[in-house]
Amino acid sequence: MDGTHHPGFAEAPMTFTGAGPAPTAALPAPVLAEGPRFRVRSHRLAPGEATSLHAHLHRSENWIVVEGTARITLGAHGCLVGEGEAMYIPLGQPHRLENPGRLPVTLIAVETGCYLGEDDLIRHDGPPVELPQRLSPPQRLPTTP
């Protein structure tokens, strides 16, 4: 990852595309920009949606929340991340994105690594990452007078 290339290595051209309309969470996240060792995507989750817990073997990610508040699970720990805040997802670290709020969550994901294929993923639970699952509503404890 020092930026050097082997003899005969041809670097792919970098392309940029417009964001277009906001996607629904069930659709794959649109690619905003990409190059040979990076890809930028926009992820949007409706209230109550979540991705499965998963990891990547060949890429790390930086997630920047640009709308709403996300709950990001990294390993065994979860935290709330608000607008303008970011989270680094190291290579190989299990992670999940959830929307615990009442408003949509949008984040920009910058993926970097030597391989960015869709098959670079290890699921630790639930459905495929591209098809988020619904979170169950919070349970309220009965109150005693």
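Trainee: Is Arg44 buried, partly exposed or exposed?
Mentor: Arg44 counts as partly exposed, because its relative accessibility is 24% and the buried class stops under 20%. Keep in mind that this is a predicted model.

Trainee: What does Arg44 form a salt bridge with?
Mentor: Its partner is Glu67, with the closest N and O atoms 2.8 Å apart. The two sit in distant parts of the chain, Arg44 in strand β3 and Glu67 in strand β6, 23 residues apart.

Trainee: And Glu67, buried or partly exposed?
Mentor: Glu67 is partly exposed, at a relative accessible area of 29%.

Trainee: How many salt bridges does the structure hold?
Mentor: There are 7. One of them joins the side chains of Glu111 and Arg39, at 2.7 Å from N to O. Glu111 is in strand β11 and Arg39 in strand β3 (residues 38-45), so this pair ties together parts that are 72 residues apart in sequence.

Trainee: Are Glu111 and Arg39 buried or exposed?
Mentor: Both Glu111 and Arg39 are buried.

Trainee: Which other salt bridge does Glu111 make with an Arg?
Mentor: The side chain of Glu111 also meets that of Arg41, at 3.7 Å from N to O. Arg41 lies in strand β3 and Glu111 in strand β11, so here the parts tied together are 70 residues apart in sequence. Arg41 is buried, as is Glu111.

Trainee: Which residues are linked in a network of salt bridges?
Mentor: Arg39, Arg41, Glu111 and Glu118.

Trainee: Changing topic. What makes up the largest nonpolar core?
Mentor: That core has 12 residues in all, among them Trp63, Ile72, Val81, Met87 and Leu107. Two or more residues come from each of β6 (59-67), β7 (70-74), β9 (86-89) and β11 (105-113). Strand β11 gives the most, with 3 residues.

Trainee: Why would those side chains sit together?
Mentor: As a general point, nonpolar side chains in soluble globular proteins tend to be buried together.

Trainee: What does Met87 touch, leaving out residues up to four places away in sequence?
Mentor: Met87 touches Glu61, Asn62, Trp63, Ile72, Leu74, Cys79 and Val81. Trp63, Ile72 and Val81 are, like Met87, members of the core.

Trainee: Last one. Where is Leu32 found, and is Leu32 buried or exposed?
Mentor: Leu32 is in strand β2 (residues 31-34). It is buried, with a relative accessible area of 16%. Leu32 and Ser42 are 10 residues apart in sequence, and their C-alpha atoms are 7.0 Å apart in space.

Methods: Residues are numbered from 1 along each chain as its sequence is written. This is a predicted model: local features need pLDDT of at least 70, side-chain atom pairs count only at pLDDT 80 or more; totals for chains, interfaces and linings use all residues. Side-chain values use heavy atoms; hydrogens and water are left out. Helices (H or I, at least four residues) and strands (E, at least two) are DSSP runs, numbered from the N terminus. Buried means under 20% relative accessible area, exposed over 50%, partly exposed in between (1.4 Å probe, protein chains only). A nonpolar core is a set of buried Ala, Val, Leu, Ile, Met, Phe, Trp, Tyr and Cys residues joined through side-chain atoms within 4.5 Å. Contact means heavy atoms within 4.5 Å. A salt bridge is a side-chain nitrogen of Lys or Arg within 4 Å of a carboxyl oxygen of Asp or Glu.
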